[in-house]
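Let's take a walk through this model, chain by chain and gap by gap. Have the sequence and the 3D view open as you read.

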Amino acid sequence: MKVIGLLIVILTGALLVYATVDFPPWGDPTSPASTHLSPHYIEKTMEETSVPNIVTAVLADYRGFDTMFETTVIFGAGVACFFLLRVLRREGPEQRLYRHTLTDMTIRIKDGSKMPADLDEFERIDTLWTPRDLIVTTICRLLIPFIQLFALYVIAHGHHSPGGGFQGGVILGASIILLAISHDMRTALKRMREKLNGLLCATGVFIYAGTGALCLLFGLNFLDYSALASILHVDPVTARSHGILIVEIGVGVAVMATMIWIYNNVSSSGKYDEGL
Amino acid sequence: MSEQYPALLVIVPLISAFLISAAGWVNRRLCFPIAVAALSVTAYTSVGLLMRVLDEGVIIYRLGGWPPPWGIAYYVDHLNGLVLTVVAVVALLNLIASQKSIAQEFPEKTGPFYTLYVLMVTGLLGIVVTGDAFNLYVLLEIASLTGYGLIAMGEERAPLATLNYVYMGTIGACFYLLGVGYLYIVTGSLNMVDIAGILPALYQSKAVLAAFIICMVGLWLKMALFPLHAWLPNAYTFAPSAASSLIAPLMTKVMVYVMIRLILTVFTPKFAFASLAVKDPIVWLAVIAIVMGAIFALAERNLKKMLTYIIIAEVGYMVGGAWLGNRAAMTGAILHIVNDALMTLCVFLVVGNIVYKVKGYAFEDLKGLFRKMPFTMGAFVIGALSIIGVPPTCGFFSKWYLISGAIQAGHYGFMVALLFSSLVNVVLFFRVFEISYYEPFSDHHGHEHHSQPIAEAPLSMLVPLMIVAAGLVLVGIYTGDIVNQIIQFAIPEALT
Amino acid sequence: MIWQLDLAILTLVVITGIGAIMVKDLLGAAILFGAYSFMMCLLWSIMGAVDVSFTEASVGAGVSTVFFVAAVFRTTRRTKD
Amino acid sequence: MSELLATLVAKYNYWIYIALMMIGLYAIIAKNNLVKKIVGMNIFQTAIILFYVSIGAKKGATIPIIEHGHGEEVHGAASHVVHAVDYINPLPHVLMLTAIVVAVATLGVALALAVKVHDKYKTLEEDEILAQLRKK
């Protein structure tokens, strides 16, 4: 296998090197890529969409259709991970372990027995001894709100600075993942239930596709945000800018939910226990 | 509303996928009706689009209202109008047929299954309808990712087979993306028509040549042309039956469509057939694919796996036909996309019915099935005759066009390979007929868990199967119309 | 653009890339892959692709690495090559 | 000789991308461990992203965010005329944002599959799994 692999790699590499000779030099302002399509985007973006960040404008408006499917890819991956890994039915007798938070004692409950009455003092664990890291949990608890605030800023400020729905959504998702890593996954699941997560995931992409479909209902083409001008009471160009913001929010919600969903399923192999 | 059809075609299944996903959390019984409704609308839309194309010619739809080279545009012409209809109809029929087997195989996960199913159909339709090279990549990834999910929920060995598919599929898709990048760096455009307009001045460029080769290799990986086929048999065999009867008829065929689209629209026949000296080697590669597919199929003692090797041989037919470089062979290749999708659907639905009732698909499981499941096996006979290429069924006509194209091109190797593989198919299918007709039904191979005797499959599985079987004959009878009214206009005048 | 910095990062990208597939420990491979992604992200921000490098910093170096670590914890660190 | 050197220097980003891509491709084909293959797959995808970003680069241009875009400035009557040569080509960046997302989605599914394979065979080495399958 190694020899075949090496052979294929050398052949492909040779083809690529051979073709690279004909490329325009790196960073050449007169190359076809820089002169054919992109000048239109750079020069017209402000007029046509009033969004200073050209990447955001092209991403969510000129090529908004690509981005919708990009979000759908993420959604599909989330559903696929859930479909593949989630264990909905447990087999065999189950024993549960609880830890008394004050004394660190672990109690074991056989299958069919009742849980301890006052759950506040007990937390559920999966192995007989799970280390507790007070410093890590406290610091993460302090950090998470700031991470989320930053994520919201990134989503909202995508028009003027680098960022947008996708990056912001990933950061939002990462904050919940951080909670799941630093505490355990049950704590994170209390904040973000599985059902809510699955619904948010579908809702986010639905916001995107729904905005596009709304434009259809107003008689313009799919994703032509200028149709939203009549309900937003602004002129068509500003409507495009607002439309971009709406779909960015949709992307953010979908991406956040999916990142958490994939992490939950992979890190617990679908059992939704304490995770890492 | 009909001017919005190209958008609706993709949007309706897409939005319904989110609704199904939400319904999966709220009320699981809603999933199936939503999916059927969405795919019915899609099928209706695609037929409507095909009719409009027949009347008015090419339809261009601007997404977001931006003019084509800057925004993304959908182009519907005769070629993809036909393929769209096939994809939508096959997906709808298979969905109705496999409701029972889905409920049997994943009682708790029907929601995600239907979500992935509808998303995959969205991806396939989008691949066919789009006119933007990069948009095609994104949709290709949707179709493949959902496909991985669907396949991996099959039998015990399915996850490993799927993981291999993931590696190969990702290399394939990335190669396609790289090829698009090479085209972008020399033309500066991503729109297929726009690229085709700029390319003639660059036919001598090494980058264009490399782009062409890389794109083709990527697509061959995705469609499992012979030396790159290793992922296909296991992945399709171990997939759940509802998934394999969606993916086996459509995925490889849509990839062949993309290849033909690249040859005809982006690179144009002039570059692909005249400027490059790769025509003959590729046809020989297809010849090897056909022969090897047939030989591997002969070695199998397992119905589903045997069929997967037949798919590999059929891919060889279409690649060879597309690369013979004349009108008759190209007609044969395009017609074969339609026919092969229907034939593969027919035989895989039969396998689905057998798995539903017998819980197995090895040759021993087939004993005496003609008496137990007469309608299913009757449909299997029609599907088999069509794959062999017996006249009233459609398989004969596409083979006829392919062979006459091979004679016209003077490529007798391809002709011999076609005849050889038809002969092998005769042997393969008559062996199956013999086992399932003459050998008595035996219940001693460890299927004690089903107590009731094996009977015909339920009506909801039989009716779609019968429609497909009838469709095979009907498409065969109306082949002349399909060729004269649709395919003839799909091939540019330049190709003679 | 400072070409010395550029060259150093390019070298580091290749080294971490090779390291990620050579190291005989999957957790190490995951962390090296994170380093690789981060170097890549620096490279892109040098080239002016701020949005892409932002995304790569959050996705490639952030979430992807977490996914890898999660999967390695759920499976095994052992690897023969 | 100096001509060759000039080509090498003028396109050094492209050479690096080819090297990285070959590393990834080799890992996918030749490595034995399933997770190592996934790492290779990601390196492969990142290399393609590097290639696209290199296409977009433009000497003497700045990042694709229009200056003076803030404030009450009315569109259409922009006091500031924007010249294409001043800004880097944004299109490849847009495409690559999409490609990164696709890469992470593929990664998620691939890792889920790897976890599933490990649950079944208790190993991630391809040859050991094949040996187990042959024994059955």
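Start where chains A and B meet: 63 residues of chain B are in contact with 57 residues of chain A, contact meaning heavy atoms within 4.5 Å. Before going on, some ground rules: this is a predicted model, in which local features need pLDDT of at least 70 and side-chain atom pairs count only at pLDDT 80 or more, while totals for chains, interfaces and linings use all residues. Residues are numbered from 1 along each chain as its sequence is written, chains are lettered from A and ligands numbered from 1 in the order in which they are written, and side-chain values use heavy atoms, with hydrogens and water left out.

The size of an interface is often given as the accessible area lost when the parts come together. For chains B and A, about 5300 Å² is buried, with carbon and sulfur atoms giving 74% of that; buried area here is the accessible area (1.4 Å probe) that two parts lose on being put together, summed over both. On the chain B side, look for three tryptophans: B:Trp25, B:Trp66 and B:Trp70 lose the most area to chain A, together 17% of what that side buries. Among the five pairs of chains that touch, A and B have the most contacts.

What about charges? The rule finds one salt bridge across the interface of chain B and chain A, a salt bridge being a side-chain nitrogen of Lys or Arg within 4 Å of a carboxyl oxygen of Asp or Glu. The partners are A:Arg63 and B:Asp132, whose closest N and O atoms are 2.8 Å apart.

Several elements of chain B give two or more residues to the side that touches chain A, among them helix H1 (5-26), strand S1 (59-62) and helix H7 (158-187). Helices (H or I, at least four residues) and strands (E, at least two) are DSSP runs, numbered from the N terminus. The largest share, twelve residues, comes from H1(B). By type, the chain B side divides into 44 nonpolar, 13 polar and six charged residues. Ala, Val, Leu, Ile, Met, Phe, Trp, Tyr, Cys and Pro count as nonpolar, Asp, Glu, Lys and Arg as charged, and the others, Gly among them, as polar.

Now turn to where chain D meets chain B. This contact takes 37 residues from chain D and 29 from chain B, and the two bury about 3000 Å² between them, 80% of it on carbon and sulfur atoms. Here the salt bridge count is zero, and the rule finds five residue pairs in polar contact (both at pLDDT 80 or more). H2, helix H3 (34-56), helix H4 (91-121) and H5 of chain D each supply at least two residues of the side that touches chain B. H4(D) gives the largest share, 17 residues. Chain B and chain C, on the other hand, share no contact, and their closest C-alpha atoms lie 15 Å apart.

Next, the gaps. The second largest pocket holds about 1400 Å³ of space. Its lining counts 45 residues, of which A:Ile8, B:Met168, B:Leu221, B:Pro227 and B:Leu228 lie nearest its centre, and it divides into 35 nonpolar, five polar and five charged. On a 1 Å grid over the protein atoms alone, a pocket is an open set of points with protein on both sides within 12 Å along at least five of seven lines, a cavity is a set where a 1.4 Å probe fits but cannot get out, and lining residues have an atom within 4 Å of a point. Grid points are joined across faces, edges and corners, and a volume is the space filled by probe spheres set on the points.

Residues lining the largest cavity include C:Phe33, C:Glu56, D:Asn42 and D:Ile100.

Note on methods:
Polar contact = N/O pair within 3.5 Å; in protein donor to acceptor, adjacent residues only side chain to side chain.
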